[in-house]
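Reader: Hi! I'm new to this one, could you walk me through it?

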Amino acid sequence: MPRDYYEVLGVERGASETEVKRAFRKLARELHPDVNDHDPEAEEKFKAAAEAYEVLSDPERRQAYDRFGHEGLRGGGFQPGAGFGTIEDLLGAVFGGAFGFEVRRGPMRGQDLVHAVEISAVQAMLGATVKIPSHEGEREVELPPGVQHGAQFGLRGHGLPGANGGPPGDLRVVVHVLVPTDLSEEQRELAEKLEEALEPHNLRSQRDDDGFFSRVRRAFG
């Protein structure tokens with residue numbers, strides 16, 4: 001079972017972004033093979049710390065991890081350490097050349113992009129087709145019926161291009177459901193009729209699914 005990311009970095013769950021970064025810098029210096037060659041597991045320990053930092057330094061991923069743990073990150077399409085081949089790559093990605101060690105510039109994964117789409121509550125219930133811009137051009141995406149506000153999924157390889165032959169990043173799409181306001185009398189009556197017709201299974205929490213946002217992601221293969 002994967003270790004708790006907060007435990008890996010040695011910080012409290014309420015740690016600030018600065019505290020998280022400070023803890024990772026300290027671990028990285030301690031675990032770098034150039035100063036820790038007596039420990040054959042130093043590189044794996046560093047990669048574990050880098051994976052924890054990759055999640056806890058990203059507010060959106062950190063929130064998902066806090067709520068759903070490792071399973072939530074996997075269900076949301078997160079691949080720990082994607083694009084990082086060596087410890088030098090990891091150091092270069094996080095600290096560039098200012099870390100204090102010589103860093104080789106190998107293939108680097110491109111950055112992820114985040115795009116928010118807005119749909120109406122009715123579209124969320126019935127499903128909808130939305131157009132998502134990417135660096136490769138516009139793409140149509142089918143949202144399944146019952147998609148929830150805040151649902152996320154990833155389009156692999158549709159983020160920014162990688163560097164030095166590295167793979168591209170992913171495009172993360174966040175769904176925002178807009179609740180209608182200023183209803184007319186007729187609209188209110190229709191909404192009340194729908195409310196009366198709804199049954200418990202229509203309102204099942206998406207947290208009961210078999211993975212974090214897995215129901216949304218399955219719609220995209």
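Author: Happy to. One term to begin with: buried means under 20% relative accessible area, exposed over 50%, and partly exposed in between (1.4 Å probe, protein chains only). This is a predicted model, where local features need pLDDT of at least 70, side-chain atom pairs count only at pLDDT 80 or more, and totals for chains, interfaces and linings use all residues. Residues are numbered from 1 along each chain as its sequence is written, and side-chain values use heavy atoms, with hydrogens and water left out.

Reader: Thanks! How many helices and strands does the protein chain have?

Author: There are eight helices and five strands. Both are DSSP runs numbered from the N terminus, with at least four residues (H or I) for helices and at least two (E) for strands. Along the sequence the pattern reads α-α-α-α-α-β-α-β-β-β-β-α-α.

Reader: And what percentage of the residues count as buried?

Author: The figure is 38% of the 221 residues. The protein chain exposes about 13,200 Å², and carbon and sulfur atoms supply 49% of that. These areas come from the Shrake-Rupley method with a 1.4 Å probe; for residues, only the protein chains shown count as cover.

Reader: What share of the contacts comes from residues 24 or more positions apart?

Author: They account for 63% of the contacts with a separation of 6 or more. A contact here means heavy atoms within 4.5 Å.

Reader: Switching to salt bridges: what's the count?

Author: It comes to 10 salt bridges. The rule asks for a side-chain nitrogen of Lys or Arg within 4 Å of a carboxyl oxygen of Asp or Glu. One of them joins the side chains of Arg172 and Glu60, at 3.7 Å from N to O. Arg172 is in strand S5 (residues 171-178) and Glu60 in helix H4 (residues 59-75), so this pair ties together parts 112 residues apart in sequence.

Reader: Is Arg172 buried or exposed?

Author: Arg172 counts as buried, at 14% relative accessibility.

Reader: Which residues does Asp170 pair with?

Author: Asp170 meets Arg109 in a salt bridge at 3.1 Å, N to O. That pair links distant parts of the chain, 61 residues apart: Asp170 is in the loop between strand S4 (152-155) and S5, and Arg109 in the loop between helix H5 (87-95) and strand S1 (113-120). Asp170 also meets Arg156, at 4.0 Å, N to O. Arg156 lies in the loop between S4 and S5, as does Asp170, so this pair ties together parts 14 residues apart in sequence.

Reader: New topic: which residues form the nonpolar patch on the surface?

Author: Val122, Met125, Leu126 and Leu194 do, with about 370 Å² of accessible area together. Patch residues have over 30% relative accessible area and no salt bridge; like charges are joined within 9 Å, and nonpolar side chains (Val, Leu, Ile, Met, Phe, Trp, Tyr) within 5 Å. Helix H6 (residues 121-126) gives the largest share, three residues. Val122, found in helix H6, counts as partly exposed at 43%.

Reader: And which residues make up the negative patch?

Author: Glu185, Glu186, Glu189, Glu192, Glu195 and Glu196 form it. Asp and Glu count as negative, Lys and Arg as positive, while His and the chain ends are not counted. A charge is placed at NZ of Lys, CZ of Arg, CG of Asp or CD of Glu. Glu192 sits in helix H7 (residues 185-197) and is partly exposed, at 44%.
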